[in-house]
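Dear colleague,

Here is the structure that I promised to hand over, and below it I have set out what was found. Please read the notes with the model open beside them.

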Amino acid sequence: MIASATYAHNVYTTFTTIEWNEDDKSIELTTQLHAHELEARLSLDLGERLTFLSEDDFPKLEAAVGPLAKKLLAIKLDGEFVELEYLGMEMQGQTIFFYMEADWPTKPKEITFMNGLFIDELPGQVNSVMATIDGVRKGGEIRTGTGPATLSFQ
């Protein structure tokens with residue numbers, strides 16, 4: 001039996017890695033996502049159709065990534081909300097990477113992370129997260145209606 005194309009389900013995803021940097025006493029986040037979905041979202045936010053592939057559009061899109069990331073990503077370390085600083089972004093092929101960090105003096109025992117990118121806009125959106133603390137990795141997923149992912153390192 002062959003399934004009809006009308007039953008196909010698109011899945012969209014972002015992937016965030018979180019690491020505690022013992023040398024810098026900081027928490028570091030890298031979020032990876034497809035350029036197409038991000039440029040579509042930013043085009044709506046900015047009120048004009050933009051693409052990362054255009055040299056003229058790139059600076060506008062790049063400038064809009066930080067405010068969007070700060071609005072839709074949140075982290076609690078050991079029960080305390082932490083203000084993330086947006087560091088910048090880069091594009092590799094059709095993939096966007098953006099970077100955020102915050103000072104954090106001790107190895108976190110629990111991380112609660114929320115990534116609201118595309119959750120309301122794209123059916124089937126999955127925002128995956130993997131945190132590494134002192135060599136131990138934990139992962140989780142954020143989907144519509146699930147709320148943040150909590151990762152325990154105790």
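**Rings, charges and backbone**

The charged end of Lys138 lies over the ring of Phe153, at 5.9 Å from the ring centre, where a charge sits over a ring if NZ of Lys or CZ of Arg is within 6 Å of the ring centre and within 35 degrees of the ring normal. This is a predicted model, in which local features need pLDDT of at least 70 and side-chain atom pairs count only at pLDDT 80 or more, while totals for chains, interfaces and linings use all residues. Residues are numbered from 1 along each chain as its sequence is written, and side-chain values use heavy atoms, leaving out hydrogens and water.

Rings of Phe, Tyr and Trp (its six-membered ring) pair if their centres lie within 6.5 Å, and planes under 30 degrees apart count as stacked, over 60 as edge-to-face and the rest as tilted; by this rule there are two aromatic pairs. Phe52 and Phe58 form an edge-to-face pair, because their planes stand at 70°, with the ring centres 5.7 Å apart. The other pair, Tyr86 and Phe98, is tilted, with 6.3 Å from centre to centre and 50° between the planes.

As for accessibility (buried means under 20% relative accessible area, exposed over 50%, partly exposed in between, with a 1.4 Å probe and protein chains only), Phe52 is buried at 4%, whereas Phe58 is partly exposed at 23%.

Lastly, Phe118 has a positive phi of about 65° although it is not a glycine, and this residue is buried, at 3% relative accessibility. Most residues other than glycine have a negative phi.
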